[in-house]
Each structure stands twice: as C-alpha cells, then as structure tokens.
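Have the model open beside you and follow along.

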Amino acid sequence: MLRVAIQMDPIESVDVRSDTTFMMAMEAQTRGHRQWVYDFRTLALEDGRLFCRARPVTLRDSQGDHVDFGDPVRLDLAEDVDVILMRQDPPFDMAYVTATYLLETVHPGTLVVNDPSEVRSAPEKLLATRFPGLQPPTLISSDAEALADFHARHGDVVLKPLHGAAGSGVVRLKAGDPNLEALVEIHATGSRDPLVIQKFVPAVSAGDKRIILIEGEPVGAINRIPAEGQVRSNLRVGGRAAAVDLTDRDREICAAIGPTLKERGLIFVGIDVIGDYLTEINVTSPTGAQQLKRFSGIDAAALMWDAIDRRLA
C-alpha cells in the first residue's frame, strides 16, 4: 500500500467521465493505496519541512456523488507520504512555479509525479523547441517587430500565449490580416509573457492528436477534432474526441523525445501532434486518459502506477 497525496483543483467539481486525475485516483484506490487531496495553496514550508492541509478521500464512479471526505489532517510530505501527484491545472504562473520549488524540497525522497524541477524547466510550448525538425516554423517572442516579420514571411499563422492552456487565447491570422499589432497590444496589457506564433498547419481540420507517453514510451492516442469552422480542437473549447491510431511519424516523434522525458523524470506526458508536426509537450496535468481507455481499452492510469511502482522499487 502506498500513501498518496494529490495536489489538484477541487475534486468535488471534476467530471468523473472525463477527468484524468480522477481516473488516476480511482486506480490508486483499486490498488489499495491510501489517498489525500490538497490545494497547493495549503503548502507550508517551516524549518526545512514541507506540510500541507489535506483531506482523505474515498471515491465512487458516480457523477455528483463521487467523493467522501475524511477529517482534514496536516501531512508532513516527507514523512507521511510516498507519492505526490502534482495535478493542478495551469495557468503556469508564479504560483505554479512556486509550488514546484516547494515540492522540490521533498522530491525524490517522496516521489513527485512529474518531477517538480523538470516541470518548472519544461514550459509546454518551450520544451518542444528543443527537438529541431519536429515542429512547424515557430517563433517565441514579445517583440512586435519580430512577430510581424514572422507573420509576413509565413502568411497563415496561429498566435497563442506562451503559458496558455486548454486552447485559451489561440487565434488564427491569415496572410495580410491587420489585427496582429492590436492582439499583441491586448496581450501586453495583461501579461509580460512572450507570445508563440506558429505557421498554421491545415491538417488541424482532421484533428489534433493527443499522444500519451509513460516513461517516454507512447501508450496510445486520441484525436481531438475541432468544431466546424474552428481552429481550436481542445476538448474544453468544443473539440470532439475520436479514436485514432499511431502513425509511423508519430512513433518517430516519440522516439526522438522519449529518452529525454524519461531521463528528466517526466513520467506521465501528453504531446500534441498535428499532421506531421509536434506542437506541444504537456507535462503539468496532461489529459486524455479516460477517452483513450474508452476508445482502445488502454488504461494509461494503470500503466502510470506500474511505472511508479518500478521507480519506487
């Protein structure tokens, strides 16, 4: 039996039919592991020891009646816990970064999935740039002139916030579109983060593939098909999930990045592939495991816990 603490958004509000973290927790419960959930804002570092205020949970596969809580406890995350799942959703802001610093004080004595220092060092749209030849033409910058030059050279492009998630803020700009300057200005009023501008890949109309990798090995994929007339395929903004097989190109991409993911302690990862191109490497709280099991029978949560068992052994 393992003692598992899950750092996540409120478990009361998850959709048990689609939420990957809930699936991970249900699998842990099936294996007899003891579990608590906590909000990252309850983390407290005192005299070199990291604590959180957590609630034990018992789970059921029944939407709206899916969790019972025990009495809150104060957990010493170095002494009372074997595994921490870092699964709160982005934004990848300074609060998120600070949580990685705090969790780094107990890892690897307490195994944090994914490794918090590597999560901090692997912003999802930046990590993909470390693998030349896998991405479509891409520029990351806050410089309006550089962004405009890229747009002029490549014509049809997609603009998105560097640390955005779930399709938030993604805009397509066709060749000659005059709105780039205004969009850069609007982004700058609320953020000092750079923007990502990327050559538009027409194959997105056929879907944006989410491939799940465990310990750097691909276990399966789902396709996320955008709604008619839309460029965003994320499930949270109206994309539709569908079954899909891995192609030779998908496996080539996974083979190129997989050893790095494993070496860096990024145990559970979801990458996004459009056509022949890698667009993102998601390491914070990747999703898609429930849809993958529904379409293919592949249980990525069970495979993740098997990987954790091997790490602890």
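**The second largest pocket**

I began with the second largest pocket, where H1 gives the most to the lining, with 5 residues. Before going on, I noted that this is a predicted model, in which local features need pLDDT of at least 70 and side-chain atom pairs count only at pLDDT 80 or more, while totals for chains, interfaces and linings use all residues. Residues are numbered from 1 along each chain as its sequence is written, and side-chain values use heavy atoms, with hydrogens and water left out.

Helices (H or I, at least four residues) and strands (E, at least two) are DSSP runs, numbered from the N terminus. Helix H1 (20–30) and helix H8 (289–296) each supply at least two residues of this pocket's lining. I wrote down the lining residues: Val 16, Arg 17, Phe 22, Met 23, Met 26, Glu 27, Thr 30, Asp 61, Gln 290, Lys 293, Asp 299 and Ala 301. By class I found 5 nonpolar, 2 polar and 5 charged residues there. For these classes, Ala, Val, Leu, Ile, Met, Phe, Trp, Tyr, Cys and Pro count as nonpolar, Asp, Glu, Lys and Arg as charged, and the others, Gly among them, as polar.

The pocket's volume is about 230 Å³. A volume is the space filled by probe spheres set on the grid points, which are joined across faces, edges and corners.

**Cavities**

On a 1 Å grid over the protein atoms alone, a cavity is a set of points where a 1.4 Å probe fits but cannot get out; a pocket is an open set with protein on both sides within 12 Å along at least five of seven lines; lining residues have an atom within 4 Å of a point.

How many cavities of 30 Å³ or more does a search of the whole structure find? It finds 2. The largest cavity holds about 80 Å³ of space, and its lining has 7 nonpolar, 3 polar and 2 charged residues. Among the residues that line the largest cavity are Pro 90, Phe 92, His 163, Val 283 and Thr 284.

The second largest cavity has about 50 Å³. I counted 8 nonpolar, 2 polar and 1 charged residues by class in its lining. Val 283 and Thr 284 turn up in this lining too, and its other residues include Met 24, Arg 87, Val 113 and Asn 114.

**Two open sheets**

Two strands pair if DSSP finds at least two bridges between them. I traced an open sheet of 4 strands in the order E9-E12-E10-E11, with antiparallel pairing. Strand E9 (138–141) and strand E11 (171–173) stand at the edges with a single partner strand each, so one side of each has no neighbour in the sheet. From one strand to the next, the twist averages 20°. Axes here are lines fitted to C-alpha atoms, for helices over the stretch in contact, and angles run from 0 to 180 degrees between N-to-C directions.

Strand E10 (residues 157–161) pairs with strand E12 (residues 195–199) over 5 bridges, in the antiparallel sense. Val 158 has Gln 198 as its bridge partner in E12. Helix H5 (residues 144–154) packs on this sheet and touches E9, E10, E11 and E12, its direction making about 10° with that of E12; contact means heavy atoms within 4.5 Å.

I then followed another open sheet, of 5 strands in the order E15-E14-E13-E16-E17, again with antiparallel pairing. Its edge strands, strand E15 (240–243) and strand E17 (277–282), each pair on one side only. Strand E14 (residues 217–225) is joined to E15 by 4 bridges, and Asn 223 stands opposite Ala 242 in E15. Helix H7 (residues 248–263) lies across strand E13 (208–214), E14, strand E16 (268–274) and E17, at about 145° to E16.

**Backbone details**

I looked up the cis peptide bonds. The one from His 107 to Pro 108 has omega near 5°, and Pro 108 is in the loop between helix H2 (94–104) and strand E8 (111–113). The bond from Val 113 to Asn 114 is also cis, with omega near 0°. Asn 114 lies in the loop between E8 and helix H3 (116–120).
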